[in-house]
Amino acid sequence: MLYRPEDFEPVTDERWEEGRVRAAIARIVADVDEAYARQPLWPAPPDSPVAPGRPEPSLYAGAPGVVWALDALQRRGHAESGLDLPEVALAALEAWRESPVVFPGLDLPERDSALLSGEAGVLLVAWSLTERPELADDLYARVRANVHADELDELMWGTPGTLLIAAELLARTGEERWREACRESADALLARRDTEGLWTQRLFKETRYLGPVHGLVGNVHALRITLDSERAERLEAETDGVLSRLAVREDGLANWPPSASEGLEHHRTGEIRLQWCHGAPGIVATAAPYLDEALVLAGAELTWRAGAHREQKGAGICHGTAGNGYALLAAFDRTGDELWLDRARRFAGHALPQVESEAPLYSLWMGAIGVAVFASDCLDGRCRYPFLG
């Protein structure tokens with residue numbers, strides 16, 4: 001069994017209507033604006049380590065991710081926020097510096113350098129909207145500090161995340177220091193890759209994750225956009241081999257376990273992950289440019305047949321319906337077959353009302369604004385997963 005059918009529900013059979021989708025995106029943005037008027041920087045999610053009632057200043061769970069999404073929707077012509085986004089981004093950075101998010105039980109050597117859960121991601125959003133030189137200098141220090149964080153060889157906390165930052169600053173500025181930062185981080189990360197083509201993460205336990213946020217395909221994505229073409233192609237081919245070896249196949253479909261050392265079923269709960277952060281949707285969405293096409297289609301087909309996540313996982317882009325939909329957009333990118341775009345749009349048509357019925361979460365990865373970003377990608381017919389697209 002590649003997934004648990006009881007965890008999913010049938011995707012809506014309503015026709016895709018662009019006007020209805022645009023109206024839903026506009027409602028989500030209006031709600032975000034109104035919520036900011038009630039509480040600047042928005043309230044933290046219920047499971048955040050931030051004290052209840054306080055804003056959450058991390059990129060993954062709070063204000064910087066929301067600001068990034070509002071800016072992306074505006075630049076793509078899909079919505080207009082009434083907020084002063086550069087001002088909000090700077091306020092989020094100030095909030096982080098006044099009270100950094102501390103995760104109980106995680107002893108991390110370079111917490112501030114984390115892309116998704118540290119100051120580096122907050123700085124990236126603030127710099128992107130203001131291009132203040134002093135913020136670029138602070139980012140450079142964070143990137144350099146994370147080069148040798150070998151316990152954290154994954155995107156959320158470690159060197160791959162700050163490698164993405166260096167690549168973005170190089171693309172935007174052309175400055176030589178960012179080229180050198182890319183080279184230094186990429187070389188260090190590659191040196192820690194083992195003989196099986198994997199990296200070991202020591203966040204919660206020692207393991208070798210496969211997915212985009214905590215493991216292999218996220219690391220390879222950061223490397224493939226920074227290495228020279230010859231090394232990038234070799235890394236892609238080797239990673240395709242790893243993913244082919246570790247895929248669990250059944251009747252022309254495929255899924256992947258969270259890590260190289262375990263099976264699909266969780267040893268305690270029996271859960272089988274089929275979501276962006278672990279499982280086929282994230283593998284396909286991130287590795288589609290180089291993964292064997294038959295595996296791309298096998299993973300995307302499994303995602304489609306499973307359907308939408310139920311209430312337990314919800315609609316968001318990390319572990320919910322919209323996140324799974326990115327696998328379908330990636331299959332469209334890879335093949336050009338309109339079937340996959342139609343299927344992705346069906347997922348968006350399901351996720352938009354789904355998230356509007358959920359308790360509001362002001363988080364790019366868990367909340368409505370991330371679903372709005374996915375819907376905008378479906379409008380444009382492009383797979384642009386935030387910070388990885």
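1. A residue counts as buried under 20% relative accessible area, as exposed over 50%, and as partly exposed in between. Keep that scale in mind for this predicted model.

2. Start with Arg177. Its relative accessible area is 26%, so Arg177 is partly exposed. Its side chain forms a salt bridge with that of Asp137, at 3.0 Å from N to O. This pair ties together distant parts of the chain: Arg177 sits in helix α7 (residues 176–191) and Asp137 in helix α5 (residues 133–145), 40 residues apart. Asp137 is partly exposed too, at 41%.

3. Next, look at Arg192 and Asp153. Their side chains meet in a salt bridge of 2.8 Å, N to O. Both ends lie in loops, 39 residues apart: Arg192 between α7 and α8, Asp153 between α5 and α6. Is Asp153 buried or exposed? Asp153 is buried, because its relative accessible area of 2% is under 20%. Arg192, at 21%, is partly exposed.

4. The side chain of Asp187 pairs with that of Arg231 in a salt bridge (3.6 Å, N to O). Asp187 is partly exposed at 29%. Arg231 is partly exposed at 30%. Elsewhere, salt bridges with shared partners join Arg97, Asp112, Glu119, Asp138 and Arg142 into one network. The structure holds 40 salt bridges.

5. Now the nonpolar side. The largest nonpolar core has 143 residues, and Trp42, Trp256 and Trp365 touch the most other members. Beyond its neighbours within four places in sequence, Trp256 contacts residues including Leu210, Leu243, Ile283 and Gly299.

Technical notes
Residues are numbered from 1 along each chain as its sequence is written. This is a predicted model: local features need pLDDT of at least 70, side-chain atom pairs count only at pLDDT 80 or more; totals for chains, interfaces and linings use all residues. Side-chain values use heavy atoms; hydrogens and water are left out. A nonpolar core is a set of buried Ala, Val, Leu, Ile, Met, Phe, Trp, Tyr and Cys residues joined through side-chain atoms within 4.5 Å. Buried means under 20% relative accessible area, exposed over 50%, partly exposed in between (1.4 Å probe, protein chains only). Contact means heavy atoms within 4.5 Å. A salt bridge is a side-chain nitrogen of Lys or Arg within 4 Å of a carboxyl oxygen of Asp or Glu. Helices (H or I, at least four residues) and strands (E, at least two) are DSSP runs, numbered from the N terminus.
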